[in-house]
Amino acid sequence: MERRDKVQWIYSSQDNRELSERYDQWAKDYDADLDEGFGWLGPQRAVDFFVKYVPKIARVLDAGAGTGLVGKLLAKQGYGNLVAMDLSQGMLEEARKKNVYREFHQMVMGEPLDFAVDSFDAVISVGVLTVGHAPASSFDELIRITMPGGYIVFSLRPDVYMDSGFKEKQDALAAEGKWRLVEVSEEFQPLPKGEPEVYHQVWAYRVV
Ligand SMILES: C[S@@+](CC[C@H](N)C(=O)[O-])C[C@H]1O[C@@H](n2cnc3c(N)ncnc32)[C@H](O)[C@@H]1O
């Protein structure tokens, strides 16, 4: 299957079971296809944002960690207390090989997460909050498990932000005093070599 077709195949999944099975199958080739093949910039751009706000001693949840590309970059920056969580066990097995995470958890964003209140100083989530993956309602649980004063940093497509309930949810959480917006990046092309028509922004919120 061509790389572009693989991405379409992932996005055409009908439910979380099919999505996790397809990611399980893609796991071994993911880094070669997306990182090397498509020039996947999402992790680097999100980590560039994250380091501006989050101290190196923080306990950090990588939500939708995939094969651990974000964790690898965070470890390079000096973060040592990293926890990986993902829907797909196959992706988590690849993340394990990066040798940068302390814990691995298979969980589904959009459903209740099996972490206690205030478990993390910060959450980072790259390429996960989108149509057919983790819905805008995932933010409720991410806020619950993040300490007051902690940060939630994530990437999001501008069209998904506008059209798929993210804008309403993000604004509602701010209006309810659950979090406040710290910074949102310019739009950039996260897949310059594979899907130059796609844009992302990185968002940083501080939990109240
Ligand atoms: C495009 S990959 C991004 C992986 C990694 N963050 C990166 O930047 O390379 C999306 C990941 O999100 C996971 N995922 C999709 N929906 C999810 C959900 N509802 N809850 C948790 N993980 C999910 C997939 O299994 C996959 O590993």
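I noted the ground rules. This is a predicted model, where local features need pLDDT of at least 70, side-chain atom pairs count only at pLDDT 80 or more, and totals for chains, interfaces and linings use all residues. Residues are numbered from 1 along each chain as its sequence is written. Helices (H or I, at least four residues) and strands (E, at least two) are DSSP runs, numbered from the N terminus.

**α3 and α4.** I checked the axes of α3 (residues 42-53) and α4: they come within 9 Å and cross at roughly 40°. Axes are lines fitted to C-alpha atoms, for helices over the stretch in contact, and angles run from 0 to 180 degrees between N-to-C directions. I listed the contact (C-beta atoms, placed from the backbone, within 7 Å): P43, Q44, A46 and V47 of α3 with L69, V70, L73 and L74 of α4.

**α5.** I looked up the buried residues (20 or more other C-beta atoms within 10 Å of their own) of α5 (residues 89-96): M91, L92, E94 and A95. Down the axis of α5 they fall within an arc of 155° (directions from the axis to the C-beta atoms), so they line one face of the helix. I saw that they pack against α2 (16-37), α4 (69-76), β2 (81-86) and β3 (103-106).

Notes:
Buried ≥ 20, exposed ≤ 12 C-beta atoms within 10 Å, placed from the backbone. Contact = placed C-beta atoms within 7 Å.
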